[in-house]
Structure formats: structure tokens, C-alpha cells
Amino acid sequence: MAASLQVLHDKLPLTDKCHHYDDVDDVPPHIQKYWHQRYSIFDYYDQGVQLTDDAWFGVTPEPVANQIAQDLCTKTSKTTLIDLFGGAGGNVIAFASSFHFTRIIAIEKDAATLACAQHNAEVYGVTEYITFVLGDSLHYLSLLRHNPSALDPAIRVDPNQTTIFASPPWGGVAYREHEVFDLSTMEPYNLEKLYKACFPLETTLFLPRSSDLNQIAELLASNEEDTKLDVVQYCMEGASKAMVVYVPESKPLHQDDEGWSIAVEKDYSQ
Ligand code: MGP
């Protein structure tokens, strides 16, 4: 099982799925809109930033990624950050550039996308601060919870010192068609599944701008009635790009040979 989480000690090779487009005529039509915004997505685009065609849709624009990193650094006292859906590196580069965290782990299950992330981190000069992992982040969280000794020591972390950042796939761009986006329909991981996987760790969720706030509030309230959480719309040129939910840690964690758990009435640690 642990073999499916590969800690990278070297750069993965860029593949024919990784591109740096200089000319709009080379860009597939469905991503040309994003290519035109390339400098707001990556300020250093011309330094050779690489993306897979799928990554263009989900990458966080650099000013937004930097602002989120700044906001999280202000809020958290944790020293380890885990980016569950590293993608092409937009967020993790911003977290590394903040120099706030002593450990940063970026997990991504698509090798070509992860190769882009490593490459882009090199473009931004922050590779050495990030441990890149090829694999499934929910599998990682499950091992961290139930069998941490099965993890490569390079990615074994103290949950008490760890904050999670999750910018998951949203299941396409259908969210744009809904005034309020139903987070139970998010694919492949809906809000509840994600929340349960991360619980009780401090977690930052990067969600569609029109996400249903009631669903978020209900899920949180199902655990701790008095929990307050910050929800922020991150905008560029007056338009929101995403809604970010800062979920506080639930309770002090108890760690033993069996992994870690917390004492709450509703424990998601199955
Ligand atoms: P968008 O809605 O495609 O762009 O994505 P825009 O320009 O706001 O759309 P329009 O309505 O003006 O035409 C907005 C932002 O959402 C992107 O910059 C990404 O940061 C983020 N994003 C989009 N998708 C589809 C995903 C996704 O699947 N996952 C994550 N994590 N972020 C996404």
C-alpha cells in the first residue's frame, strides 16, 4: 500500500503532456482563455512555466495564491503544510515563497502534472523547500491516521503541527451554471468526503466561489457547535475566483502506537 506513495528524490521527467505554449495558435481552443491570462496565473510564465492542458483549469492565479498563503500564515501556528492536490504547483510555490513553514509536502497523483509542479517550483527557486509525493492524498491521510509507521519518514508528520491545504478538483466548470453550487455533487471528492478525510486537522478548503455556505456550516456544526470559521472570497479585477474556507483544528490530538485520534462525540476516524 505504502508503495503507492512515492516520495520524489529527483525531478520527474516532463512528458509530452507538459507544455509551455508561446504561441496562441499552439494552444488547444478550450484553454486559450486561460492562456491569455497566463501572466496573472504565473508571473514568471515566460521563464518556462510548464502546464498540462488539464492543469490550466484548476491552477490558482499567483496573486490569489500569494494572498491565501499570506492569510494562512497569519492564522496558523502550524509549522508543517500538506498540499493535498498539488497540481502544477500554483499554491505550493506561494506557500514555499512565504518561508513560514519548516516543512511543505505536495501530493499529486498525476505524474505529468507533478513533473510540471517540480519544474515550476524550480522556475520560482523554491524546489528545495518542498517534498513532492506522487500518489493519492486521501490514501496518505488514511495512512497518517491509522498506520503512520508505514509512511516514508520523509512524509511522516506530527498531526499537531500540521495544517492541510486542499484545492480539489471541482468536477469541471459546471459550478459556473449554478447560483449556489451543491458541494455534495463535487467530483470525485465531495465536501463531506474531503472534510472527513482531513478531520480533525486544521484545514483550508479552496472551493468554487458559489459554494453553498449552508452545507459548510452544517458539516462544521455536526462536529462542534461553537466552531467559527472564516470564509473568504478571493477576487481578481473585482470578480471572485474562489471561496476559501479556513477550518480550525477540532480538538487537541491524541497520538499513540495506533495512530492518532481525538475525543469527540462524532469521530470520523474510521
Ligand atoms: P474559472 O471559473 O474557470 O475562471 O476559474 P473565471 O475566469 O473566473 O471564469 P469566468 O466565469 O469569468 O468565465 C476560476 C478559478 O477557479 C481558476 O483560476 C482556478 O483557480 C479555480 N478553479 C477552476 N476549476 C475548474 C477548478 C478546479 O477544478 N479545482 C480547483 N481547485 N480550482 C479550480
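Glu-108 is placed in strand β5, which covers residues 103–108; helices (H or I, at least four residues) and strands (E, at least two) are DSSP runs, numbered from the N terminus. The model is a predicted one, in which local features need pLDDT of at least 70 and side-chain atom pairs count only at pLDDT 80 or more, while totals for chains, interfaces and linings use all residues. Residues are numbered from 1 along each chain as its sequence is written, and side-chain values use heavy atoms, with hydrogens and water left out.

Glu-108 is buried and yet has no salt bridge, the nearest side chain of opposite charge being that of Lys-109, 7.7 Å away. Here buried means under 20% relative accessible area, exposed over 50%, and partly exposed in between (1.4 Å probe, protein chains only); a salt bridge is a side-chain nitrogen of Lys or Arg within 4 Å of a carboxyl oxygen of Asp or Glu; and for charge, Lys and Arg count as positive and Asp and Glu as negative, whereas His and the chain ends are not counted. A polar atom of the Glu-108 side chain lies 2.9 Å from the backbone nitrogen of Gly-87. When residues up to four places away in sequence are not counted, Glu-108 touches Phe-85, Gly-86, Gly-87, Thr-113, Leu-114, Val-133, Leu-134 and Gly-135, contact meaning heavy atoms within 4.5 Å.

The structure holds four salt bridges. One of them joins Lys-11 and Glu-122, with the closest N and O atoms 2.8 Å apart; because Lys-11 lies in the loop between β1 (6–7) and β2 (18–19) and Glu-122 in helix α6 (residues 111–123), this pair ties together parts that are 111 residues apart in sequence. Lys-78 forms a salt bridge with Glu-249, at 3.1 Å between the closest N and O atoms, and since Lys-78 lies in the loop between α4 (62–75) and β4 (80–83) and Glu-249 in the loop between β10 and β11 (254–256), the pair ties together parts 171 residues apart in sequence. Lys-78 counts as buried at 6% relative accessibility, whereas Glu-249, at 27%, counts as partly exposed. Glu-192 and Lys-196 also meet in a salt bridge (3.1 Å, N to O), and, being four residues apart in helix α8 (residues 191–198), they are separated by about one helical turn.

Aromatic rings come next. The structure holds 13 aromatic pairs, where rings of Phe, Tyr and Trp (its six-membered ring) pair if their centres lie within 6.5 Å, and planes under 30 degrees apart count as stacked, over 60 as edge-to-face and the rest as tilted. The rings of Tyr-39 and Tyr-45 have their centres 6.2 Å apart and their planes at 85 degrees, so this pair is edge-to-face; Tyr-39 is partly exposed at 39% relative accessibility, while Tyr-45 is buried, with a relative accessible area of 1%. Trp-170 and Tyr-175 form another edge-to-face pair, 4.9 Å centre to centre with 90 degrees between the planes, and both residues are buried. Trp-170 and Tyr-175 belong to one aromatic cluster together with Phe-95, Phe-101, Phe-165 and Phe-206.

Val-244, in strand β10 (residues 239–247), is buried, with a relative accessible area of 0%, and its contacts beyond four places in sequence include Phe-206 and Ile-68. Ser-210, in the loop between β8 (202–207) and α9 (213–221), is buried at 13% relative accessible area and is in contact with residues including Tyr-175 and His-178.

Key: A polar contact is a pair of N or O atoms within 3.5 Å; within protein, one must be able to donate a hydrogen and the other to accept it, and residues adjacent in sequence count only if both atoms are side-chain atoms.
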